[in-house]
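Subject: Structure handover

Hello,

Here is the structure we discussed, with notes on what turned up in it. Please read the notes with the coordinates open.

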Amino acid sequence: MWYLEIGGFYNIKNKKIFGRNIFIEYTNKEEFNNMVKRFNNIDVYCTNYLYDNKDQNNSNLIGPLYIDLDNDINDDESYNKVKEDTLFAINYLNTFLYIPKEYINIYFSGNKGFHIIVSHITLGIEPCKNLNEKYKVLANEIKNNTLNKTVDTRIYDKKRLIRLPHSINSKTGLYKVPITEEMLRTVEYKDMIEYAKCDRTIEYVEPKFIKKTNEEFINIIKYIENSNKNKYKNKRINTNIINPNYEIPICIKYIYSKGVSKGSRNNTLVVVSPSLFPKGISLDEVIDLMIKWNYEKFDEPLSEFEIINTVKSAYRMIESGMKYGCSSIKDMGYCLKEKCKLYK
């Protein structure tokens, strides 16, 4: 049996008193809806995790990956900062964990920022006692690579309550509403405020298990946990990566010279940039090359912060022993087949 905890504000003698420790069975939708009504759907919270017993500190946990990005938004500039970081987080999940974007649910919080949710089903997560710690490791990695550092990494305790989707934020009167990535990219602050004045619905796709995502999630967590965060310096690359006999594959040269379609720029970037490190090209030089490639080959270039952070993440992965080979090039449709001496 799995339990969910709910919290909210009671009106007691005209005073708002916050209460929690309301446990309901996860499958009891009627009781859940009754609790939402009890709080008038205003400032209603629930735990991100489900628990197999009510002793949350010693329970197994299961629940989605939850990333909270917020900023003190009061104008377009502060809004755009959290928007940029949110777009990077989505790109990171899509590029490095192979999570299809249709499986990444995005919400405007109704106040200070955006929430990203990815089902544990997609990640292939099994119940465990330290799921919150694993998610925090990944959230820290994403935050370390963002430009504005708006990822909130303080929320990964076992009993954290998060604002319920479709509920009203009493500070602003706005709803926590689902949005699309396209809306995130194009809707301005004033229009997002207008959009959140009413509750909204979006038909998200049913999550499915993705084996590659599960494998990469495990690899990334292990790598980050075993890494010394202080050893990374933005200087020359680790000499262990350099191979004096290495030749840049012809397919990489072709992609760099021709460019790629708009929809595959990020994925291609994470394959092309690691292919340059074994030649002894420094991290800074690779970043410069990718920025140059970005502006020369595309009518709508990626932002420089996306380029910088994606290349840095690719560097850390190749340094850990992970690499992208022929199969990745084939999957993207850029294999030159007989023209390459590696082709079989």
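S303 sits in the loop between α10 and α11 (304-319). With a relative accessible area of 26%, S303 is partly exposed. S328 lies 25 residues from S303 along the chain, and the C-alpha atoms of the two are separated by 24 Å.

Before the rest, a word on confidence. This is a predicted model. The mean pLDDT of the protein chain is 86, and 92% of its residues reach 70 or more. Residues 228-235 are a stretch with pLDDT below 50. In the model, that stretch has eleven contacts beyond near neighbours in sequence.

Helix packing

Two packed helices are described by the angle between their axes and the distance between the axes. Helix α8 covers residues 250-258 and helix α10 covers residues 283-297; the two pack at an angle of about 50 degrees, and their axes are 8 Å apart. An angle from 35 to 65 degrees falls between roughly parallel and roughly perpendicular, and α8 and α10 are therefore oblique to each other. On the α8 side the contact is made by I255, Y256, S257 and K258. On the α10 side L289, M290, K292, W293 and K297 take part. By type, the residues of this contact of α8 with α10 divide into five nonpolar, one polar and three charged.

Not counting residues up to four places away in sequence, K297 touches Y256, S257, K258 and G259. K297 is partly exposed, its relative accessible area being 34%. From K297 to E319 there are 22 residues in sequence and 28 Å in space, C-alpha to C-alpha.

K253 is in helix α8. Its relative accessibility is 52%, and K253 therefore counts as exposed, the cut-off being over 50%. K253 and E181 are 72 residues apart in sequence, and their C-alpha atoms are 31 Å apart in space.

A buried glutamate

E216 belongs to helix α7, residues 211-226. Is E216 buried or exposed? E216 counts as buried, because its relative accessibility is 6% and the limit for buried is under 20%. Leaving aside neighbours within four places in sequence, E216 is in contact with F96, L97, Y98 and M322.

D199 and its contacts

D199 is in the loop between α6 (189-195) and α7. D199 is partly exposed, with a relative accessible area of 38%. Residues up to four places away in sequence set aside, D199 touches H166, Y175 and V177. The C-alpha atoms of D199 and S167 are separated by 8.0 Å, although the two residues are 32 residues apart along the chain.

Cysteines

How many disulfides does a search of the whole structure find? The search finds zero. A disulfide is a covalent bond between the sulfur atoms of two cysteines. For C46, the closest cysteine sulfur is in C128, at 19 Å, which is too far for a bond. Taken from the other end, the closest cysteine sulfur to that of C128 is in C46, again at 19 Å and too far for a bond. The cut-off applied to a pair of sulfur atoms is within 2.5 Å. C46 is buried, with a relative accessible area of 10%. C128 also counts as buried, at 14% relative accessibility.

Backbone angles

Which residues other than glycine have a positive phi? K13 is one of them, with a phi of about 55 degrees. K13 lies in the loop between β1 (3-12) and β2 (15-25), and at 78% relative accessibility K13 counts as exposed. N41 is another, its phi being near 60 degrees. N41 has its place in the loop between α1 (29-38) and β3 (45-47).

That is the set of notes for now.

Regards

Note on methods:
Residues numbered from 1 in each chain as written. Predicted model: local features only at pLDDT ≥ 70, side-chain atom pairs only at ≥ 80, totals over all residues. Heavy atoms only, no water. Axes fitted to C-alpha atoms, helices over the stretch in contact; angles between N-to-C directions. Helix = DSSP H or I, 4+ residues; strand = E, 2+ residues; numbered from the N terminus. Parallel < 35°, antiparallel > 145°, perpendicular 65-115°, else oblique. Contact = heavy atoms within 4.5 Å. Nonpolar A, V, L, I, M, F, W, Y, C, P; charged D, E, K, R; others polar. Buried < 20%, exposed > 50% of the residue type's maximum accessible area, 1.4 Å probe, protein only. pLDDT = per-residue confidence, 0-100.
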